[in-house]
Amino acid sequence: MKYLFVGLGNPGSKYEETRHNIGFKVLEALAKELGGTFSLQKTAEVAEVKFKGRTLVLVKPTTYMNLSGKAVNYYLQQEKISRENLVVVTDDLALPFGKLRMKGKGSDGGHNGLKDIQATLNTTEYCRLRFGVGADFHKGQQVDYVLGEWSPEERETLNERIAVAAEFLKSFAAIGIQLTMTNWNGK
């Protein structure tokens, strides 16, 4: 069984510690835990790891957020992975900081990365793991907020929340979306 886990973010050190790059951070933590390393490949940095007899293909697109669909589509086809085994890890302004929620389908919620994936795959029927980044910004400051770095208060628990997000992904591969949502949503 093969799974494709795509973390959304923007490439480059300028964006490395920003809220928008939480998808990258989650996949980096999972790769580290399972002994994988990322290498630059077509449209993405990719790591392949094993977990409970399953192959997890971890993808960090290098196409910038608003063109994420290109890498998702390429690796689904290249690795011959069904859309049912895809999880996209993304930041979410609608959830409080650190709150995690997995959903099997849904709207893009105004997120440019999800918009592009939806347009490229021509469906909203794919799993996403939403990582809450909160919405502590003034009207019109959304871009600055998501491209801003974590506050000192957020940094105190960030690694613990990233570790929980990695557990979501391992659970998805081991027991599927329904049980993962039951067992992990709200944690």
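This is a predicted model: local features need pLDDT of at least 70, side-chain atom pairs count only at pLDDT 80 or more; totals for chains, interfaces and linings use all residues.
**View 1. Tyr15 and Tyr64 form an edge-to-face pair.** The ring centres of Tyr15 and Tyr64 lie 6.3 Å apart with their planes at 85°, and because planes over 60 degrees apart count as edge-to-face, the pair is assigned to that class. The pair links distant parts of the chain, since Tyr15 belongs to the loop between strand 1 (2–7) and helix 1 (22–33), whereas Tyr64 belongs to the loop between strand 4 (54–61) and helix 2 (68–78), 49 residues apart. Tyr15 has 16% relative accessibility and therefore counts as buried, while Tyr64, at 42%, counts as partly exposed.

**View 2. Phe168 and Trp184 form a tilted pair.** Here the centres of the two rings are 5.8 Å apart and the planes stand at 50°, so the pair of Phe168 and Trp184 is tilted. Phe168 lies in helix 5 (residues 152–175) and Trp184 in helix 6 (residues 177–184), and the pair links these distant parts of the chain, 16 residues apart. Phe168 counts as buried at 0% relative accessibility, whereas Trp184 counts as partly exposed at 21%.

**View 3. Tyr3, Phe5 and Phe172 form a cluster.** The three residues Tyr3, Phe5 and Phe172 are linked into this cluster by ring pairs.

**View 4. Arg19 and Lys60 each lie over an aromatic ring.** The charged end of Arg19 is placed over the ring of Tyr145, 4.0 Å from its centre. Lys60 lies over the face of Phe38, with a distance of 4.4 Å from the ring centre.

Methods:
Residues are numbered from 1 along each chain as its sequence is written. Side-chain values use heavy atoms; hydrogens and water are left out. Rings of Phe, Tyr and Trp (its six-membered ring) pair if their centres lie within 6.5 Å; planes under 30 degrees apart count as stacked, over 60 as edge-to-face and the rest as tilted. Helices (H or I, at least four residues) and strands (E, at least two) are DSSP runs, numbered from the N terminus. Buried means under 20% relative accessible area, exposed over 50%, partly exposed in between (1.4 Å probe, protein chains only). A charge sits over a ring if NZ of Lys or CZ of Arg is within 6 Å of the ring centre and within 35 degrees of the ring normal.
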